[in-house]
Amino acid sequence: MKLGIVGLPNVGKSTLFNAITKAGAESANYPFCTIEPNVGIVAVPDERLDTLTKMYNPDKTTPTVIEFVDIAGLVKGASKGEGLGNKFLSHIREVDAIVHVVRCFEDSNIVHVDGSIGPKRDIETINLELIFSDLEMIDRRIDRTKKLLKSGDKKFQIEMELYESIKAHLESGKPVRSMSFDQEQQQLVEQLFLITLKPVLYAANVSEEDLSSLDSNRFLAELKEVAAEENSEVMVICAKIEEEIAQLEDEEKEDFLEAMGLEESGLDKLIKASYKILGLISYLTAGQQEVRAWTITNGTKAPQAAGKIHSDFERGFIRAEIVAYDDLINCGSYTVAKEKGLVRSEGKEYVMHDGDVTLFRFNV
Ligand code: GDP
């Protein structure tokens, strides 16, 4: 899963990205990822892994990870190729969701590209560039479909109507994610690779001082209003503090958070919120060798979940032996859970739940 960090210059993107890379998962554990300078990989925090590690005492514990891509350089005019505009837009097209950092802190030493702090205006500036870019995509698709229409196939007529409605929506300055589609349309729309279809999480970057008095931050209030209009979520961070926290050892980190009166770091909150907007859940595997979390989309069936581990597991899937995490913990061990009949045998149609502790049976 990949998240793109966007926002105007000087809003705190690099500061947040630095926090992410410093907190980063040991890259040695993830040989499948080629890490580019603008990509940071972080472990998805999951207390359940710690508890299972105590129970199983495995050789290693492997969290599931999420990738953040720092997409700098998005400025007014990017869609017209200004700055390095189009190159950045193509990076955004590849991510699963967008974290849009919005400046909600005042600091006269740090210039704002438009001279003053203004979350609504800032969001509109970025969103307009993304909308322009999508308009270009949809125009190209409309041109192509026009030619296909000559074949007389009704299917293209239906497609054309859909594309025209998307175009009109974009022209009214709105993102495609605020439209609703039926299943058939949804499939077509997903093939368009539209940026404004991707879910967005607004990250309000507030000052250190404001963290304890969020109610009086009028910039945050303004941002929340804009986000509510498009049904997007807002979370508050202080990028500067995150950068500091990320450099601390685990124990120091806990003390620091406690002193700040925080339950968890903003980064952990950000990762969890990203998981939520992407509709992701984790299932767990536990044994003497490894305790591990695996990311799947909510609604994934057992064989496809098995395929995350290895394609052979999916191909040769026989059944899954599953115990809910809470049941396992309440029983104290897998053996007791089994005796109590809490380890279920599930087949091909089983829809996985968050926290399913799973053992797959398969043919090779
Ligand atoms: P980017 O251009 O969006 O990547 O912005 P940067 O991360 O480079 O931040 C621009 C400036 O704002 C830097 O000098 C940061 O130290 C400062 N900055 C970032 N986050 C905060 C914050 O939460 N509070 C304050 N006071 N300054 C911040």
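Two strands are taken as paired if DSSP finds at least two bridges between them. Helices (H or I, at least four residues) and strands (E, at least two) are DSSP runs, numbered from the N terminus. The model is predicted: local features need pLDDT of at least 70, side-chain atom pairs count only at pLDDT 80 or more, and totals for chains, interfaces and linings use all residues. Residue numbers start from 1 along each chain as its sequence is written.

**Sheet**
- In β5, Ile 98 is the bridge partner of Gly 4.
- Strands β1 (residues 2-6) and β5 (residues 97-103) are paired in the parallel sense, over 4 bridges.
- An open sheet of 6 strands has the order β2-β4-β1-β5-β6-β7, with mixed pairing.
- Its edge strands, β2 (39-43) and β7 (233-237), each pair on one side only.
- From one strand to the next, the twist averages 25 degrees.

**Helix on sheet**
- Helix α4 packs on the sheet and touches β1 and β5, where contact requires C-beta atoms, placed from the backbone, within 7 Å.
- The direction of α4 makes about 145 degrees with that of β5; axes are lines fitted to C-alpha atoms, for helices over the stretch in contact, and angles run from 0 to 180 degrees between N-to-C directions.

**Helix pair**
- The axes of α4 (residues 119-149) and α5 (residues 154-171) come within 10 Å and cross at roughly 160 degrees.
- The two helices are therefore roughly antiparallel, a term for angles over 145 degrees.
- Residues of α4 including Ile 131, Leu 135 and Arg 141 meet residues of α5, among them Phe 156, Met 160 and Lys 167.

Note on methods: Angles under 35 degrees count as roughly parallel, over 145 as roughly antiparallel, 65 to 115 as roughly perpendicular and the rest as oblique. Two residues are in contact if their C-beta atoms, placed from the backbone, lie within 7 Å.
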